[in-house]
Every structure is written in C-alpha cells, then in structure tokens.
Amino acid sequence: MANEQSIGFNSKEIKYFFCLLILSLQLEAGDPSESGLFGIFKLQLHNNLYCFKASHAIVKLNGLSLNIKSVYKNLCISCSMDLDSCLALLNMFLRARLIHCPRERTLISLDEKHLNTLLQPTPKGLDIMFMFCIKLGITIDQMPSVLRSPLNSMQLFYFERNSTTNRLLVSKSLIRLIFIKLMGPEPNIWDPMTTLEPSVSYEDKLRRAKLLLGNRPLDTTLGDNKVSSKSGKKSTKPGIELQANSWDDFEYMFENTKSKESQTHHSPLAHRFFNNPNSDSNSQYYVSSKGIRLFKNHKVVYSGHKKMVEYCFLGKTMVQWLMDCTDILFKEEAQSICEYFIQEGLIQHVNILFGSVSSYNRDYSKFHMDIDDLYILTSEGYKILDWCFQEPIEPNIPLVDIQKVLNDPAFFYLLKVHLTEELCLEILMVYIEIEGVLEKLQRLSQTQDQPTSHKSVNQCSAIILNIYLKYLAPDAVHNINIDHATRNRVTQLIRELIRNHTTESFKYVTNTNVLINSVEISLKEIKNKMSQNLTEVPRFEDENEYEVEGLDQNDSSLVLDQVREVFNEIKGKMYTLMQKDVLIKLVNSAQFRKRYCQIAT
C-alpha cells in the first residue's frame, strides 16, 4: 500500500496537486443535496462551506483533467495515480494544514473508513491556491468562488527554497524576521473571552489583486455576476457584486463595500474553543498578522518551586503557527525553525529559570513541544520585537549591495514586499524566472544526446514562452521596460521557436512509479498573435534587424541557444536597474530601515 514516504513528493509538488484538485472539484458554498430550512441550518451549524467528500477527492486525483484559460496561455493538465497513492496524497494535504475536517477538527489521518468524511480547504490552503492562480494568470472572474469567500482569510509568509534540493533557505536575519512575525505587532494574549482575530483586510485583498493583474485596466468581477456601469452602480438583484472596469472603479468598489459593512471581519471557522493554545485542532490560526497566542502572568511550577512569568507560550503553539501561517508543509521543518530560535538566543525553555538545563534525559537547550513545554522570551528576543523595539533616531544603514539583498532570504523578502507596494514586482520576478530557465538551458546543453533531451527541450520551450507572454510581449500583462530592439529580437526568436513545433501545443509528461502527469500548452491562439507582434511595435531607421539564421525546421536547440543569449542580456539589464534605482528606494524606505535595525546581525 502506498504511503507518504513511498510517494516522495516535495513541497512544490504537494502544493501543485492540491491546487489542481481544488480547481477540479469546483466547490460550491453548500452541499446541494442538503436543501430546505433544516439543510440551511445544518450547513451553518457545521460551517460546511465549500466542502467535499474524501471519496470524491480520491476519484478526482485518480484521473484528473483540467483545461485552464489564463491571460498568458491556455493549459491542458492531466494526471493519474493509483487509488492508494491518492489516499496517501490526501493525508499529506491534511497534515500540511491545506485541508481539515470541519466536523472533526482533530482529525489528522484518513483511511478507508473515512471515505464519506467531509473535508474543507483551510485558509492556508486557499492562500496557496490564490498565489497559484496568480502565477498562472487566472483572472479574478475565472477563479473558483471559494477564493472570493470569507474562508480566504489568510496571508501566508512564503519561504524561499533551493531550486535543486527544495530545502528551506534560511539565514540569521531571516530567523529574526520570522520570529518578529511569529510574535506579532503586539502581545496576542489568549483568554477564553478574547475577541476573535480579524481576517485579511480589504486593502490587502486590493493590493494582491493589483499584483495579480498588473497595471492593466480590469474587466473582471469579484462576484458571480456582472454589471456594465463604469459609475459603480449595483445590479437590481440583491447580493450581486460590482464590476470594475478601471482601477478607479476597482478602488471605489472596495471603498463602497467597506462603507456598508463592518471593517472587522472574522473567518467563519474561528471559534474560541479551537483557538485555545492547548487545543489539538488540526487548523487553529485563520489570520497570520496577530502572532501566536500567549499566556500572560502565568504561574509556572517546577519540582515544587513556583515562579510567575509575564509572557510564555507553548512549544507546540509555535509549530502550530508556522504550520498554519507560512507555506511550510512538514512539521519537521517547522520544528527546525524553532530550533533556530533557541540557537539565536531569542527564546528559552521555562525550566531554565529554575536552574535546570536538563531532566529525565531531556536537554532544554533543544526544542521540545510536549503539552507542558513552555517557553519564554530572552532579553535578546524582547529587544527585536515590534512591541518592544526602539528604532534609532538616525539608524546607521551601511551601503547594501543588490547581490547581498538577492542572496539573503530576509532581505529578498523585504525587497519583494517593497516592490509589491510600488507595483513593480515584475522587475524582480522576470529576473528570477529568467535565472531559473537559464540554469535549465545550461543543463540541457550538457544532455542533448540523451533520450530525455526532447522532453527537456519542450519543458524549456514552455517556460520561455511563459516568460515571454507574462513580461516581454508587446501586450504582456506585467510588461517590463526594455528597449524596442531587445523586445523585437525576443519576439522573432519566440516566433521561430513556435514555428519549429508542427503540433498545436508544447507537451511534456512526467512518469513515475505512482504518477503520470501531462502538461500541454496550446499554441493555436499564440501562433495567430505572433504574426502581429512584430508589426505592432514601430521600427526605427537606425535599428538593427535581428534574424534567426541557419535554422533547420525541426532544430529548436539553435533557437534556444540564441534565446539564452538574449535572456542573459535582459537579466543583466534588470540587475542594473535594481542596483541603480530599486536598491536606493528600498534602503531609504522606512519599513526597510526599521527591519534592518531589527534583523541585521
């Protein structure tokens, strides 16, 4: 029988199949079989919003087929695996906090007895899916309605990973940054009567929608219906959302919604009982911005001695927050982050207050997460928290090099946040994506004579086409600022790359002992547009013509070599732009200066 270890999927693959599953399920707000007044009450009682049966998910994973239309391209994705592997993968989703059982919230494992169990995407799972849709270029009106529901209340912290080993990329500064986020902007004191934590604000959703759609006018709907008025009028039908035809309309729509509703929103999953730090609920955090739940003025007893500590928290609470509020999928990785907190001297086990460094073969200098393992902040930990940190009047920020920013995961994260705020994240993303495909092209050049090289050529061609459609085409959604000569040269190369494929799609297949996964990118519409792209951009008299010379009809490798050359040029231009312009604005921003003082070591 297949299990999680025998499947061997990494974090990226688990997220990929989870998103494909949720897209294919086409979840509705309620189970249509439960109708009538009693059915409505039953749905509300159990919070069965957008639920699905385990058996239904297994059937979908067993033979999954999706046609996805995005602003970049049309995709046809199909995959299949045996039923045992489907169940094992579903268990991986459950343990990774991507799904949970709303009627049995402590459930962490499924077997044949649970085929009729109702499951539900968690806020964590929906945020991962939201970012998946962003990456594919799926517009808001094409997104599943579950992403526009109150369940989508989380905004995760996303770790960077090594592209080869898939291991977390960490640094001392990143550990401090994560610790600051884990502890929140102010003490999040748990109390049975504490007000439930608010979910993501409309402003955050607006910001992320802008990230999705770039700087183009919107022609999408946040609800299931459309109206055509630019003035932002409502439909005559009750409960129908507004359509936004421009950024002004889009922002007006959010402001109009906010004025009619309370600005404080709570996840429908939130419940005081399951918010208890001692709870064994599989999913406990529905918003990441408040930090972990703390005990205040807590009496600690050890070997007959008592002490009162101002703030303390359970080891399992830290792991729970990391599993719920970041994109970490494995508990072992969350525990390793907590080990770093101890190594950096940010926290310590409460028993050390009593002079005990070990007992019962337990070393308190290591991380533990049993029910009675309490931790407290050290003076170093207190010093860097948002609720204690005193920012210098004139902080000494040394001259930071862009390479250091790109290499350090913490500064890289701050750079992404800054560029998102400035609505120019595409500068960094095209640099990263080009860097990734250049590595693949380099490996391809070393394996061209091997039997698998044809599949690798198709994979590289598909990635190159994706980068072109997103960033480099004249009508690209996230259009970057490059000179006309370079853009025209890329367009000619892409046209040649597509012309070499006699079929109407790029297709590549992954075949393992448990999985057959096929991805096909339709070229029909793209081919029709390519003939227009070169003429749509005006030519200048002093501009050189770039032709793809000496190219055989079926030899894509020569085109790929030339693509590698021009992509290296574009990567260099983006690097120079970040070094000369972006870096200066980043270092001078108040957010970066504060964070630098907190996390720099």
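Arg176 is buried, at a relative accessible area of 8%. Here buried means under 20% relative accessible area, exposed over 50%, and partly exposed in between, with a 1.4 Å probe and protein chains only. The model is predicted: local features need pLDDT of at least 70, side-chain atom pairs count only at pLDDT 80 or more, and totals for chains, interfaces and linings use all residues. Residues are numbered from 1 along each chain as its sequence is written, and side-chain values use heavy atoms, leaving out hydrogens and water.

**Salt bridges**

The structure holds 17 salt bridges. The criterion is a side-chain nitrogen of Lys or Arg within 4 Å of a carboxyl oxygen of Asp or Glu. Three of them are tabulated.

| Pair | Closest N and O atoms |
|---|---|
| Lys15 and Asp327 | 2.7 Å |
| Arg176 and Glu380 | 2.7 Å |
| Glu186 and Lys290 | 3.9 Å |

Arg176 forms a salt bridge with Glu380. The pair links distant parts of the chain: Arg176 sits in helix H7 (residues 172-183) and Glu380 in helix H13 (residues 379-384), 204 residues apart. Helices (H or I, at least four residues) and strands (E, at least two) are DSSP runs, numbered from the N terminus. Glu380 is partly exposed, with a relative accessible area of 23%. A network of salt bridges links Arg176, Glu380 and Lys383.

Lys15 forms a salt bridge with Asp327. Lys15 lies in helix H2 and Asp327 in the loop between helix H11 (315-325) and helix H12 (331-343), so the pair ties together parts that are 312 residues apart in sequence. Both Lys15 and Asp327 are buried.

Glu186 forms a salt bridge with Lys290. This pair also links distant parts of the chain: Glu186 is in the loop between H7 and helix H8 (202-213), Lys290 in the loop between H10 and S8, 104 residues apart. Glu186 is partly exposed at 45% relative accessibility. Lys290 is partly exposed at 25%.

**Aromatic pairs**

Rings of Phe, Tyr and Trp (its six-membered ring) pair if their centres lie within 6.5 Å; planes under 30 degrees apart count as stacked, over 60 as edge-to-face and the rest as tilted. By this rule there are 14 aromatic pairs. Tyr16 and Phe132 are edge-to-face, at 6.4 Å centre to centre and 70 degrees between the planes. Tyr16 is in helix H2 (residues 11-25) and Phe132 in helix H6, 116 residues apart. Phe132 is buried, with a relative accessible area of 15%.

Tyr431 and Tyr575 form a tilted pair: 6.2 Å centre to centre, 35 degrees between the planes. Tyr431 belongs to helix H16 (residues 426-445) and Tyr575 to helix H20 (residues 556-588), 144 residues apart. Tyr431 is buried at 5% relative accessibility. Tyr575 is partly exposed, with a relative accessible area of 23%. Ring pairs also join Phe9, Tyr16, Phe17 and Phe132 into a cluster.

**Backbone and loops**

Most residues other than glycine have a negative phi. Arg97 has a positive phi of about 70 degrees although it is not a glycine. Arg97 lies in the loop between helix H5 (83-95) and strand S4 (99-100), and is buried at 7% relative accessibility. Leu423 has a positive phi near 60 degrees. Leu423 is in the loop between helix H15 (409-421) and H16, and is partly exposed, with a relative accessible area of 34%.

Asp280 lies in the loop between helix H10 (272-275) and strand S8 (295-302). Asp280 is exposed at 55% relative accessibility.
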